[in-house]
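Thanks for coming. I will show one model and then talk through its packing.

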Amino acid sequence: MSRGRIALLAALGVALAALALSLDIAGLLPRLRTRIDALGAWGPVAFVALYVPATIVGVPGTPFTVAAPLLFGGIAAFVTMVVASTLSAAGAFLVSRHFARDVMMRRLRSHPRFNRLDRLLDQHAWIVIPFIRVVPFPFVISNYGLGLTRIGFWRYLAWSEVGMIPMNALLVLGTDSVLRALSGNMSWAVTGLAVVAAGAIAVLAVLGRRRWLEAGA
(Lines give C-alpha, C1' and ligand atoms only; values in the text may rest on other atoms or scores of the structure.)
Protein backbone atom coordinates (compact mmCIF):
# COMPACT_ATOMS: atom_id res chain seq x y z
CA MET A 1 0.00 0.00 0.00
CA SER A 2 1.38 3.40 -0.98
CA ARG A 3 2.04 6.15 1.53
CA GLY A 4 -0.68 8.20 -0.07
CA ARG A 5 -3.27 5.50 0.54
CA ILE A 6 -2.09 5.00 4.12
CA ALA A 7 -2.39 8.75 4.71
CA LEU A 8 -5.86 8.74 3.14
CA LEU A 9 -7.04 5.87 5.36
CA ALA A 10 -5.57 7.54 8.43
CA ALA A 11 -7.31 10.80 7.56
CA LEU A 12 -10.57 8.92 7.05
CA GLY A 13 -10.20 7.23 10.44
CA VAL A 14 -9.51 10.54 12.17
CA ALA A 15 -12.46 12.18 10.41
CA LEU A 16 -14.83 9.38 11.42
CA ALA A 17 -13.57 9.46 15.01
CA ALA A 18 -14.01 13.24 15.14
CA LEU A 19 -17.51 12.88 13.75
CA ALA A 20 -18.39 10.25 16.35
CA LEU A 21 -17.06 12.49 19.14
CA SER A 22 -18.88 15.51 17.79
CA LEU A 23 -22.14 13.57 17.99
CA ASP A 24 -21.68 13.28 21.79
CA ILE A 25 -23.62 10.02 21.98
CA ALA A 26 -23.43 9.97 25.79
CA GLY A 27 -24.87 13.46 26.02
CA LEU A 28 -27.57 12.77 23.47
CA LEU A 29 -28.63 9.45 24.99
CA PRO A 30 -30.98 10.76 27.76
CA ARG A 31 -32.75 13.08 25.33
CA LEU A 32 -32.91 10.37 22.70
CA ARG A 33 -34.37 7.92 25.19
CA THR A 34 -37.06 10.42 26.17
CA ARG A 35 -38.06 10.87 22.55
CA ILE A 36 -37.89 7.14 21.81
CA ASP A 37 -40.11 6.39 24.81
CA ALA A 38 -42.61 9.00 23.61
CA LEU A 39 -42.88 7.20 20.27
CA GLY A 40 -43.92 3.94 21.90
CA ALA A 41 -43.99 1.07 19.41
CA TRP A 42 -42.60 3.39 16.72
CA GLY A 43 -39.40 3.90 18.71
CA PRO A 44 -37.45 1.06 17.09
CA VAL A 45 -38.63 2.24 13.66
CA ALA A 46 -37.29 5.73 14.36
CA PHE A 47 -34.00 4.24 15.61
CA VAL A 48 -33.61 2.23 12.39
CA ALA A 49 -34.50 5.28 10.30
CA LEU A 50 -31.68 7.19 12.03
CA TYR A 51 -29.12 4.37 11.97
CA VAL A 52 -29.38 3.37 8.32
CA PRO A 53 -28.61 6.69 6.55
CA ALA A 54 -26.04 7.64 9.21
CA THR A 55 -24.03 4.44 8.76
CA ILE A 56 -24.37 4.49 4.97
CA VAL A 57 -22.58 7.85 4.89
CA GLY A 58 -19.84 6.61 7.23
CA VAL A 59 -20.89 7.35 10.82
CA PRO A 60 -19.57 4.48 13.01
CA GLY A 61 -22.35 2.09 13.98
CA THR A 62 -20.89 0.83 17.27
CA PRO A 63 -22.21 3.73 19.42
CA PHE A 64 -25.71 3.01 18.08
CA THR A 65 -25.30 -0.71 18.77
CA VAL A 66 -24.21 -0.14 22.35
CA ALA A 67 -26.95 2.46 22.89
CA ALA A 68 -29.70 0.14 21.62
CA PRO A 69 -30.00 -2.00 24.80
CA LEU A 70 -30.12 1.19 26.88
CA LEU A 71 -33.08 2.34 24.80
CA PHE A 72 -35.05 -0.84 24.24
CA GLY A 73 -33.73 -3.62 26.48
CA GLY A 74 -31.84 -6.72 25.37
CA ILE A 75 -33.97 -8.83 23.01
CA ALA A 76 -35.90 -5.91 21.48
CA ALA A 77 -32.60 -4.07 20.94
CA PHE A 78 -31.07 -7.16 19.32
CA VAL A 79 -33.95 -7.51 16.85
CA THR A 80 -33.83 -3.77 16.11
CA MET A 81 -30.10 -3.90 15.42
CA VAL A 82 -30.38 -6.93 13.15
CA VAL A 83 -32.96 -5.08 11.05
CA ALA A 84 -30.93 -1.85 11.08
CA SER A 85 -27.59 -3.45 10.16
CA THR A 86 -29.24 -5.53 7.42
CA LEU A 87 -30.80 -2.47 5.78
CA SER A 88 -27.54 -0.52 6.07
CA ALA A 89 -25.49 -3.34 4.56
CA ALA A 90 -28.01 -3.75 1.75
CA GLY A 91 -28.24 -0.03 1.02
CA ALA A 92 -24.50 0.61 0.81
CA PHE A 93 -23.98 -2.51 -1.33
CA LEU A 94 -26.67 -1.42 -3.82
CA VAL A 95 -25.29 2.12 -4.01
CA SER A 96 -21.84 0.73 -4.75
CA ARG A 97 -23.10 -1.87 -7.21
CA HIS A 98 -25.29 0.44 -9.27
CA PHE A 99 -23.50 3.79 -9.04
CA ALA A 100 -19.79 3.06 -8.58
CA ARG A 101 -18.98 -0.41 -9.88
CA ASP A 102 -18.73 0.40 -13.61
CA VAL A 103 -16.36 3.30 -12.98
CA MET A 104 -14.25 1.51 -10.37
CA MET A 105 -13.94 -1.71 -12.35
CA ARG A 106 -11.99 0.09 -15.05
CA ARG A 107 -9.33 0.72 -12.41
CA LEU A 108 -9.61 -2.55 -10.50
CA ARG A 109 -9.89 -4.99 -13.40
CA SER A 110 -6.11 -5.33 -13.64
CA HIS A 111 -5.49 -5.20 -9.87
CA PRO A 112 -4.24 -8.70 -8.86
CA ARG A 113 -5.27 -8.47 -5.20
CA PHE A 114 -8.80 -7.37 -6.03
CA ASN A 115 -9.10 -10.18 -8.57
CA ARG A 116 -7.94 -12.71 -5.96
CA LEU A 117 -10.54 -11.40 -3.54
CA ASP A 118 -13.22 -11.58 -6.23
CA ARG A 119 -12.36 -15.21 -6.96
CA LEU A 120 -12.19 -16.03 -3.26
CA LEU A 121 -15.67 -14.62 -2.73
CA ASP A 122 -16.99 -16.55 -5.71
CA GLN A 123 -15.64 -19.84 -4.34
CA HIS A 124 -15.81 -19.39 -0.56
CA ALA A 125 -18.35 -16.65 0.19
CA TRP A 126 -19.80 -18.90 2.93
CA ILE A 127 -16.83 -18.18 5.20
CA VAL A 128 -15.10 -15.12 3.71
CA ILE A 129 -18.05 -12.75 4.11
CA PRO A 130 -18.81 -13.81 7.72
CA PHE A 131 -15.08 -13.41 8.44
CA ILE A 132 -15.14 -9.85 7.08
CA ARG A 133 -18.15 -9.14 9.29
CA VAL A 134 -16.52 -10.29 12.55
CA VAL A 135 -13.06 -8.74 12.15
CA PRO A 136 -12.54 -5.09 13.25
CA PHE A 137 -12.92 -3.58 9.79
CA PRO A 138 -15.11 -0.49 9.10
CA PHE A 139 -18.66 -1.66 8.38
CA VAL A 140 -19.40 0.89 5.68
CA ILE A 141 -16.15 0.27 3.80
CA SER A 142 -16.78 -3.48 3.66
CA ASN A 143 -20.34 -2.86 2.41
CA TYR A 144 -19.21 -0.58 -0.40
CA GLY A 145 -16.20 -2.76 -1.20
CA LEU A 146 -18.22 -5.95 -1.53
CA GLY A 147 -20.57 -4.11 -3.87
CA LEU A 148 -17.67 -3.78 -6.32
CA THR A 149 -17.19 -7.55 -6.57
CA ARG A 150 -19.18 -10.02 -8.71
CA ILE A 151 -21.08 -11.59 -5.82
CA GLY A 152 -24.86 -11.55 -6.13
CA PHE A 153 -26.88 -9.35 -3.82
CA TRP A 154 -28.90 -12.06 -2.04
CA ARG A 155 -25.87 -14.29 -1.61
CA TYR A 156 -23.96 -11.34 -0.16
CA LEU A 157 -26.77 -10.48 2.22
CA ALA A 158 -27.37 -14.06 3.39
CA TRP A 159 -23.72 -14.71 4.25
CA SER A 160 -23.43 -11.25 5.81
CA GLU A 161 -26.15 -12.24 8.27
CA VAL A 162 -24.07 -15.23 9.37
CA GLY A 163 -21.51 -12.75 10.70
CA MET A 164 -23.72 -9.80 11.60
CA ILE A 165 -26.23 -11.70 13.75
CA PRO A 166 -23.65 -13.04 16.24
CA MET A 167 -21.84 -9.67 16.28
CA ASN A 168 -25.09 -7.89 17.12
CA ALA A 169 -25.87 -10.54 19.73
CA LEU A 170 -22.47 -10.11 21.38
CA LEU A 171 -22.52 -6.30 21.44
CA VAL A 172 -26.19 -5.81 22.28
CA LEU A 173 -26.79 -8.73 24.64
CA GLY A 174 -23.33 -8.37 26.16
CA THR A 175 -24.02 -4.72 26.96
CA ASP A 176 -27.46 -5.60 28.29
CA SER A 177 -25.95 -8.34 30.46
CA VAL A 178 -23.44 -5.91 31.99
CA LEU A 179 -26.19 -3.37 32.67
CA ARG A 180 -28.33 -6.04 34.32
CA ALA A 181 -25.41 -7.19 36.46
CA LEU A 182 -24.71 -3.64 37.61
CA SER A 183 -28.36 -3.14 38.55
CA GLY A 184 -28.56 -6.46 40.41
CA ASN A 185 -30.97 -7.94 37.86
CA MET A 186 -28.70 -10.54 36.28
CA SER A 187 -30.17 -12.64 33.45
CA TRP A 188 -28.27 -15.86 32.84
CA ALA A 189 -30.25 -16.45 29.63
CA VAL A 190 -29.09 -13.14 28.13
CA THR A 191 -25.53 -13.74 29.34
CA GLY A 192 -25.57 -17.25 27.91
CA LEU A 193 -26.68 -15.99 24.49
CA ALA A 194 -23.88 -13.42 24.51
CA VAL A 195 -21.34 -16.14 25.34
CA VAL A 196 -22.67 -18.38 22.55
CA ALA A 197 -22.39 -15.45 20.14
CA ALA A 198 -18.78 -14.87 21.23
CA GLY A 199 -17.99 -18.54 20.55
CA ALA A 200 -19.58 -18.36 17.08
CA ILE A 201 -17.55 -15.24 16.28
CA ALA A 202 -14.33 -16.97 17.37
CA VAL A 203 -15.07 -19.94 15.07
CA LEU A 204 -15.86 -17.67 12.11
CA ALA A 205 -12.70 -15.65 12.72
CA VAL A 206 -10.44 -18.72 12.86
CA LEU A 207 -11.95 -20.46 9.82
CA GLY A 208 -12.13 -17.26 7.80
CA ARG A 209 -8.56 -16.26 8.56
CA ARG A 210 -7.33 -19.71 7.54
CA ARG A 211 -9.15 -19.54 4.20
CA TRP A 212 -7.99 -15.97 3.67
CA LEU A 213 -4.34 -16.87 4.23
CA GLU A 214 -4.54 -19.99 2.10
CA ALA A 215 -5.86 -17.92 -0.80
CA GLY A 216 -3.22 -15.22 -0.33
CA ALA A 217 -5.87 -12.49 -0.48
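Contact, as I use the word, means heavy atoms within 4.5 Å. This is a predicted model, in which local features need pLDDT of at least 70 and side-chain atom pairs count only at pLDDT 80 or more, while totals for chains, interfaces and linings use all residues. Residues are numbered from 1 along each chain as its sequence is written, and side-chain values use heavy atoms, with hydrogens and water left out.

I start with Thr-175, found in helix α9. Helices here are DSSP runs of H or I with at least four residues, numbered from the N terminus. Setting aside residues up to four places away in sequence, Thr-175 touches Val-66, Pro-69 and Leu-170. Is Thr-175 buried or exposed? Its relative accessibility is 18%, so Thr-175 counts as buried. The cut-offs are under 20% relative accessible area for buried, over 50% for exposed, and partly exposed in between, with a 1.4 Å probe and protein chains only.

Next, the cores. A nonpolar core is a set of buried Ala, Val, Leu, Ile, Met, Phe, Trp, Tyr and Cys residues joined through side-chain atoms within 4.5 Å. The largest one has 23 residues, and Phe-47, Tyr-51, Phe-64, Phe-72, Phe-78, Met-81 and Leu-173 have the most contacts inside it. At least two residues of this core come from each of α3 (43–56), α4 (62–72), α5 (74–99), α9 (153–182) and α10 (188–215). Which helix gives the largest share? That is α3, with six residues. There is also a second, separate core of 19 residues, including Ala-90, Phe-93, Leu-121 and Ile-151.

Back to Tyr-51. Again leaving out residues up to four places away in sequence, Tyr-51 touches Gly-61, Phe-64, Met-81, Ala-84, Ser-85, Ser-88 and Phe-139. One of these, Ser-85, lies in helix α5 and is buried, with a relative accessible area of 4%. Ser-85 and Glu-161 are 76 residues apart in sequence, and their C-alpha atoms are 9.1 Å apart.

Now the rings. Rings of Phe, Tyr and Trp (its six-membered ring) pair if their centres lie within 6.5 Å; planes under 30 degrees apart count as stacked, over 60 as edge-to-face and the rest as tilted. The structure holds seven such pairs. For Tyr-51 and Phe-64, the centres are 5.6 Å apart and the planes at 85°, so this pair is edge-to-face. Tyr-51 lies in α3 and Phe-64 in α4, so the pair ties together parts 13 residues apart in sequence. Both residues, Tyr-51 and Phe-64, are buried. Phe-93 and Tyr-156 are stacked, at 4.1 Å centre to centre with 20° between the planes. This pair links distant parts of the chain, with Phe-93 in α5 and Tyr-156 in α9, 63 residues apart. Phe-93 and Tyr-156 are both buried. Ring pairs also link Phe-47, Tyr-51, Phe-64 and Phe-72 into a cluster.

In α8 (residues 139–147), the buried residues include Val-140, Ser-142, Asn-143, Leu-146 and Gly-147. They cover an arc of only 165° around the axis, which puts them on the same side of α8; the arc is that of the directions from the helix axis to the C-beta atoms.

Finally, α10. Its buried residues are Val-190, Thr-191, Ala-194, Ala-197, Ile-201, Leu-204 and Gly-208. These pack against α7 (112–134) and α9.
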